[in-house]
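Colleague: I've got this model open and would like to know what the numbers behind it stand for. Can you take me through it?

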Amino acid sequence: MTRFAILALAATAACASGGATARAPSTPSTPSAETSAQGATGSGALSAPLADPFPSTYTPFPSRATVIRNVTIFTAVGPRIVNGAILLRDGKIAAVGTSVDAPADAIVIDGAGKFVTPGLIDTHSHMGVYAAPGVQANSDGNEATNPVTAHVWAEHSVWPQDPQFPRALAGGITTAQILPGSANLIGGRSVVLKVVPARTVQAMKFPGAKYGLKMACGENPKRVYASRGPSTRMGNVAGYRNAWIQAEQYRRRWDKWLADKKGDPPSRDLGNETLAEVLRGNILVHNHCYRGDEMAQMIDIAREFGYKIRSFHHGVEAYKVADLLARDSISASIWADWGGFKMEALDGVKGNMALVHQAGARTVVHSDDPSGIQRLNQEAAKGIAAGAALGITVTEEDAITWLTLNPAWSLGLDDRIGSIEVGKNADIVLWSGNPFSVYSRAERVWIDGAQMFDRTDPAEAWRTDFELGFVRRGAL
Amino acid sequence: MRNGERGQRDRRGRRGLRAIGLIAVLLTGVAQAQTIAIVGGRVLPVSGPPIDGGTVIIRDGRITAVGRDVAIPDGAQRIDAAGKWVTPGIINPATQLGLVEVGQVRETRNASARGDEGSAIRAAFTVWDGLNPLSVMFAPARNEGITTVAVFPTGGLVSGQGALVDIVDGGVTDMMVKSPIAMVAQVGDPEGANVASRGELILRLRELLEDARAYARRRADFERAQSREFAASRLDLEAMQPVLAGRVPLLVVADKASDIEAAIRLARDYSLRLIIGSGAEAWMVADQLAAAKVPVLAGSMVNIPGSFATLGARQENPGLLRRAGVDVALIGTGSDPDAFNVRNIKQEAGNAVAYGMTWDDALRAITLTPAELFGVADRYGSLQPGRVANVVVWSGDPFEFSTRVEHVFVRGVRALAPSRQDELMQRYKTLPPSFRNP
């Protein structure tokens, strides 16, 4: 309840915030770029909700109306459409069904034997912040200088020329959340990017997407900070709680000032500002956590301070607490078959995805890996098979949601991407065959209706600045 | 921590060897005198063309017959394989199964030697002496059709020697197929070998080979302390003798094309049997590899310029190498390919096909080719009379994710059994669990 009040407050105080995302249709109440630019004298001094000091400058690439017909369509919101057709126009999905009316000027693609899915979405990537080549100079993912670094923003580490981006696009990835690493209890803000070529990270930012907050449980923080603390799991938990206590005080001070504007504004603190935004519901929590028992503790901490965990990441033991995840509407961003490499990952099982799904929680196929991100569809296929081995039926229609609609929900973007429905962004992949076959590859990829990848046309493939001279054409 | 969690793993293969003659280990524990007839499947012998509606007869741990018109012996246990695919047991040629239990728990890591006074030369290290036959990582691999694995050491300039083992119950001796199968070295990671540049890696390898030669000529002087100082310990110099004699291959882990060329030159100068491991840029020197008859262990899911040694990495690598006439065995390059996901070698094969390798070559690259590279093709890697009965029955194409493993025979014995992971899933399939059964 308090949260709603605060959201209302946010709107009134918004003129003090930074820039805006004029292109975001679902956030009409955000201030215009004009006002925010004029607010330069004040905006840096104030800690306002929904501030946007590094606004997206993304604009969709040029597109033409495109029809794909005679194709099998996984919509992520119902049964597959066999011999279906889809029309992409003005950046949106304009029509989908067994047939569509093609405008006279439309590009028409015959999809015989092929499949269409929504663009794949990865909730967990370090592209850009751990760019290739993986030399020390490109290692920008963990601000491992303090166990709580809520003040850092992943986007300030993103190198748009990371050659991992075009490779992810060639794997059908259209949207990715870039997270700070897991060295810290609270690692900082994530950023949601469109996988597009750009000079700046701002030009990759998904307009209107909420930020995420990276938190991490268990072994990593206590290992990294063993000498200064936290050095134990109980130290970890004390660390989260102390941070939220500070953040709650900060939020109250600021919300009060923003409401009455009495006296000097409180002093601004970047870390607490981010955490306060979580408490206001404006930033989604993405929590790296392997063990089921620790997830249960993190859920309690969230309840103690009145925030929600949106997704547990890695979650190799999500299957042990799948009922809790379902109860609290927390998605599980997980691997198909990776575990065993450390004690907290020891109980990783291939049935994790299917077991979480069966319990009614949202399964999300995530990568945390620049190679894995290129084959998320194959990971989902493993999850289907592992379910079958357990007697759990996971349909291909179900598994498509693990790659599209569920991650879209996890990022708070399911109203814009993640399914093939009229009016949604035209983020579309055309696969050479059934995407759950090991032999299928993404053939073409559209983002906002613009064709961004075409495997049949390597001469036009996106090559990052780094690749020029270093990497021969054709490595996708 | 590079790339979040996954930075912990090293994507390159790790492999290894020994000096004191090849020990062909006899089949032990005589598989129960059992006769099995796998009838009516699509049989892929690898050594020959597919046989639709074929039958495979297994007796006393060996394959005794393969074909369409094969008489089924009296008393044979019959397995109906109509609609199924039958292949040799899959061989993963680069793992650390049984050597590493929990990667980040030091006391469970047994894949590396420290070397004499920290030396980067650990040729005498026989990694299988630390193999844990009870590792819980074996069952998940075997249950997905992997019957035989190479276990290799890692680290340093010369890591040591590897072995080939079957995934069967018993001790290391029971599991052993052959040791050593290769001596592992690397060209490409100067830091890992305590030197400052790539050329220095080659220099150190040449020095080792020279000294191993000199040592062999002057063993008596050495024993009387009348030889000059050598660059490696006596044990290491001894261990290099079979490599110099060409009896044991030198498996050089190298990615960069120029490193691979340097390894080819080295092998030529000393008449070594060379195998290239990892080989991300091997396709760029495919003709040279083919001319020198140097086989390559490589994966099909590597296409990121993740280091300055792998700028040319691309998924077509295995297919391009085959097309040039290079023998290719596939290795794992996905998540944790050495232990937890040894099973995903099948995914490598499927992806290799998606990127240009022929399907038959891909199957060969995880069966007969590795058997050939390690000198056991007379016993392993194909379905032929007389071969060890490592046989898998699949519900369909073994590379497809939707395919189930229906039967696994290792040395003629049914080998499917629940893994620890299976038990966990059964335990938590209904919540809350009972903690009793399983």
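**Confidence, contact and domains**

Modeller: In chain A, confidence is lowest in helix 1 (residues 2-13), with a mean of 33, and highest in strand 5 (residues 115-118), at 99. This is a predicted model, where local features need pLDDT of at least 70, side-chain atom pairs count only at pLDDT 80 or more, and totals for chains, interfaces and linings use all residues. Residues are numbered from 1 along each chain as its sequence is written, while chains are lettered from A and ligands numbered from 1 in the order in which they are written.

Colleague: What makes helix 1 of chain A the place where confidence is lowest in that chain?

Modeller: pLDDT is the predictor's confidence in each residue, from 0 to 100, and helix 1 of chain A has a mean of 33. Helices (H or I, at least four residues) and strands (E, at least two) are DSSP runs, numbered from the N terminus. Over residues 1-40 of chain A the pLDDT is below 50, and this stretch has 73 contacts in the model beyond near neighbours in sequence. Where pLDDT is low, the predicted coordinates should not be read in detail.

Colleague: How do you know what the confidence is over chain A as a whole?

Modeller: From its average: chain A has a pLDDT of 92, and 91% of the residues score at least 70. Chain B averages 93, with 92% of the residues at 70 or above. Over residues 6-31 of chain B, though, the pLDDT is below 50, and that stretch has 92 contacts beyond near neighbours in sequence. For the complex, the predictor gives an ipTM of 0.92 and a pTM of 0.92.

Colleague: How do you know which residues chain A and chain B bring to the contact?

Modeller: Two residues are in contact if their C-beta atoms, placed from the backbone, lie within 7 Å, and the contact takes 54 residues from chain A and 43 residues from chain B. On the chain A side, helix 4 (164-170), helix 9 (322-327) and helix 11 (376-390) each supply at least two residues. Helix 11 of chain A gives the largest share, five residues.

Colleague: Why are domain 1 and domain 2 of chain B given those bounds?

Modeller: Because domain bounds come from an automatic or database domain assignment. Here chain B is divided into domain 1 (34-89 + 384-438) and domain 2 (91-380). Their centres, taken over C-alpha atoms, are separated by 29 Å, and 24 residues of domain 1 of chain B are in contact with 23 residues of domain 2 of chain B.
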